Structure formats: structure tokens, C-alpha cells
Amino acid sequence: MARPRVLSGIQPTADSFHLGNYLGAVRQWVTLQETHDAFYCVVDLHAITVPTEPAALRRRSRVAAAQLFAAGLDPERSTVFVQSHVREHTELAWVLICLTGMGEAGRMTQFKDKSAKFGESAASVGLFTYPILQAADILLYQANRVPVGADQKQHLELTRDLGQRFNHRFGDTFTLPEPYILKEVEKITDLQDPTAKMSKSSSSPAGILDVLEQPGPLRKKIMRAVTDTGSEVLFDEENKPGISNLLRIQSALTATPIPDLVARYAGQGYGTFKKDVAEAVVDAFAPIRERTEKLLSDEKELDRLLAIGAERASAVAKQTMAEVRDRIGFLPKH
Ligand code: TRP
């Protein structure tokens with residue numbers, strides 16, 4: 001039996017992944033390549049659904065790809081590529097847009113949240129159709145599973161609905177993907193506001209730990225992380241959200257169960273604990289940063305790896321799209 005296929009995407013919208021991206025997605029993607037035929041894409045077409053500077057897009061797409069390889073995605077085993085390199089994404093998106101009802105698209109809650117920031121009439125139509133482009137990403141590769149955070153569930157339901165609708169109307173074409181919801185235990189919150197998610201769009205710099213940050217600033221941010229009253233290192237989300245977040249971080253990075261950590265720091269106060277958390281973060285990030293820097297300094301090599309990914313992705317995408325074109329009734333070009 002062939003290995004099940006996974007597909008996921010990450011937006012090139014920041015100059016570094018942060019700890020939440022790393023634990024919540026990237027690190028788990030690396031694990032999945034052991035058991036799956038893995039396709040991972042840097043979704044630059046999604047990035048332009050909000051105003052984006054060309055130079056920033058270029059830089060961030062490279063940085064995102066480099067970090068994926070640096071974090072352990074193996075170009076031999078995983079297909080890592082840039083979405084815009086495979087033209088079929090936009091082509092299939094158009095077909096799916098024509099199968100989507102206005103009301104159906106209008107119910108997507110992430111659009112409502114994101115467009116609220118601009119004012120609904122200033123938000124682009126691209127932002128409105130964002131989930132349909134995402135459905136195209138997934139259906140194009142006949143993915144069996146889609147590893148995403150719980151916030152993407154609604155987009156996956158739309159993907160399945162659209163795939164099913166196409167299959168029903170035009171004949172069996174698409175594999176219907178199952179969501180593969182990534183582990184929640186690894187949900188990381190803002191260091192300065194530990195009840196809010198660590199997020200590139202809403203956290204302050206002091207609240208975020210960036211994978212590409214130098215050890216000095218990383219340590220400083222952790223030592224200054226908001227902790228809670230009291231002095232004991234205990235896991236208590238309700239009354240000690242700050243300490244609980246740091247425990248989750250250390251547990252995830254050192255593969256130590258939280259109760260073991262709580263036992264280890266009994267009677268030791270916050271200082272020692274925070275220092276150890278800082279070291280765990282620095283130990284995890286430093287090698288990724290170094291490999292990322294190396295790849296970024298050798299643009300040719302990075303471009304070569306992305307060309308390999310694009311070629312493998314294109315081979316699958318072309319096959320799906322040829323079938324779609326025929327089933328829709330588009331004339332073959334001779
Ligand atoms: N919308 C996803 C996110 O914000 C990113 C994404 C784009 C994606 N295309 C995808 C995820 C396809 C999974 C599969 O996280």
C-alpha cells in the first residue's frame with residue numbers, strides 16, 4: 001500500500017517562524033514525513049490576499065522555505081515547494097470558485113475576523129476566496145490528510161464539500177481529505193499575555209519567540225515573561241497561565257512530561273525554572289537558525305531545492321488538472 005499523502009501550507013508573512021508555528025505545525029510536519037508522502041507548500045498566493053510589499057514577499061518566501069528545510073524537512077522525502085510555482089493552484093481555484101455559493105463563502109469565520117481589521121468593504125475579494133484557494137491546494141494533490149490547527153477546521157469542511165460536489169456533478173475526481181488536527185497540548189501563548197495565542201499578527205515583540213532570533217534576546221524575553229503571583233512552579237492554566245505556558249514549552253522541547261518538570265522544580269522558585277526554559281529554547285532554535293542562515297546565504301542552492309519541489313508537485317497537479325479540464329468540458333488544445 002502506498003503511504004497516505006499529507007498536504008499542508010504555511011504563509012510567508014513573517015521574517016521568522018515563531019515558537020507557536022514551530023511546535024504547532026513545522027515540527028509535526030517533520031515527523032509526518034516518516035510515515036506519509038508529504039507535500040508542504042509556502043503559500044505565497046494566500047499571502048497577497050492582504051496588501052504585501054513585493055520585496056517583503058520575496059524575502060519571506062525564501063526565509064519560510066529555508067526554515068522548513070532547516071527544521072528537518074528532507075527534500076529527498078518531502079515535496080517542499082512554493083505555491084505560485086505551480087500554476088494549477090490558481091486554475092483549480094477558479095473552477096472551485098464557480099462551484100461555491102456566495103452564502104457558503106460568506107459563512108467562513110476566518111474571513112469575518114480578518115476582514116474586520118480592514119473594514120469589510122476594504123478587504124479584497126481574494127481574502128474572501130482565500131478558503132477556496134486553500135481547497136484547491138489540497139484537492140489538487142489528492143491529499144488524504146491535512147495537518148492543520150483547529151482554527152482551520154471550517155476550511156477543511158469546505159474543501160470536502162467542494163470536492164464532493166465536483167465528484168457528484170462531474171464524476172469521481174478528487175480524494176476527500178480528512179483533517180489531521182495537530183496536537184493542542186503544544187498550543188503556545190503570548191509571553192506577555194499568556195491567555196492569548198502567540199501570534200505574529202497580534203502579539204507584541206516581547207510576547208513572541210522567533211526561531212531565527214539570537215540567543216541573547218530569546219533568553220531576555222523568557223526571563224521577562226509574565227509569570228503569576230506565588231512562587232511555585234505548578235501547572236494551573238486558570239491561576240498560573242504564564243507558568244503553565246512555560247511548562248508546556250519546556251515539556252515540548254525537552255520531551256519531558258509536565259508532572260516530571262513540576263517535581264523537578266519543587267521548592268526552587270521561578271528563576272531557575274525560567275533559565276532552564278530559556279536554554280531549552282536556545283538549544284532548539286540555534287541549529288535551525290544556523291542552517292537557515294546557511295541556506296539563505298546560498299540562494300542558488302535554495303532555489304535548486306525549490307525547483308525540485310516544484311517539479312514533483314507539478315507532476316501531480318498537472319495530472320489532476322488535466323482530468324478536471326476534461327470533466328468540466330473545456331476543449332483540449334491541439
Ligand atoms: N490557511 C492555512 C493557515 O492559515 C494555510 C494554508 C493555505 C493551508 N493552504 C493550505 C493549510 C492547504 C493546509 C492546506 O494556516
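**Entry 1: the largest pocket**

I looked up the largest pocket and found 48 residues in its lining. Gln110, Asp151, Gln152, Lys197 and Lys200 lie nearest its centre. I kept in mind that this is a predicted model. The space in the largest pocket comes to about 1,600 Å³.

Next I asked which elements give two or more residues to this lining. I noted strand 1 (5–10), helix 1 (19–32), helix 2 (44–47), helix 6 (109–118), helix 7 (125–140) and strand 4 (145–148). Which of the elements gives the most to the lining? I found that helix 6 does, with 6 residues.

Then I sorted the lining residues by kind. I wrote down 19 nonpolar, 18 polar and 11 charged residues.

I turned to strand 2, residues 37–42. Is strand 2 mostly covered or mostly open? I found 5 of its 6 residues buried, so I call a residue buried here when its relative accessible area is under 20%.

I checked the partners of strand 2. Strand 1 pairs with strand 2 in the parallel sense, over 6 bridges. Within this pairing I picked out Gly9, which stands opposite Cys41 in strand 2. I also followed the chain here: strand 1, helix 1 and strand 2 make a β-α-β unit, and the unit is right-handed.

Strand 2 also pairs with strand 3, residues 79–82. This pairing is parallel too and has 4 bridges. I looked for the bridge partner of Phe39 in strand 3 and found Thr79.

**Entry 2: aromatic pairs**

How many aromatic pairs does the structure hold? I counted 8. I opened one of them, Trp29 with Tyr40, and read it as stacked. The ring centres are 4.5 Å apart, with 5 degrees between the planes. Trp29 lies in helix 1 and Tyr40 lies in strand 2, so the pair ties together parts 11 residues apart in sequence.

Why does Trp29 count as buried? Its relative accessibility is 1%, and the cut-off for buried is under 20%. I checked Tyr40 as well: at 0% relative accessibility, Tyr40 counts as buried.

I moved on to Phe39 and Tyr141. I found both Phe39 and Tyr141 buried. I also saw that ring pairs link Phe39, Phe81 and Tyr141 into a cluster.

**Entry 3: Thr31**

I went back to helix 1 for Thr31. Is Thr31 buried or exposed? I read a relative accessible area of 52%, so Thr31 is exposed, because the cut-off for exposed is over 50%. I then looked at Thr31 and Gly72, which are 41 residues apart in sequence. Their C-alpha atoms are 8.9 Å apart in space.

**Entry 4: strands 4 and 5**

Last, I looked at strand 4 and strand 5, the latter being residues 178–181. The two pair in the parallel sense over 4 bridges. I noted Tyr180 in strand 5 as the bridge partner of Pro147. I traced the chain from strand 4 through helix 8 (residues 153–170) to strand 5. This β-α-β crossover is right-handed.

How values were computed. Residues numbered from 1 in each chain as written. Predicted model: local features only at pLDDT ≥ 70, side-chain atom pairs only at ≥ 80, totals over all residues. Heavy atoms only, no water. 1 Å grid on protein atoms, 1.4 Å probe; cavity = no way out; pocket = protein on both sides within 12 Å on 5 of 7 lines; lining within 4 Å. Points joined across faces, edges and corners; volume = space filled by probe spheres on them. Nonpolar A, V, L, I, M, F, W, Y, C, P; charged D, E, K, R; others polar. Buried < 20%, exposed > 50% of the residue type's maximum accessible area, 1.4 Å probe, protein only. Pairing = 2+ DSSP bridges. Right-handed = clockwise from strand over helix to strand, strands pointing away. Phe/Tyr/Trp six-rings, centres within 6.5 Å; stacked < 30°, edge-to-face > 60°.
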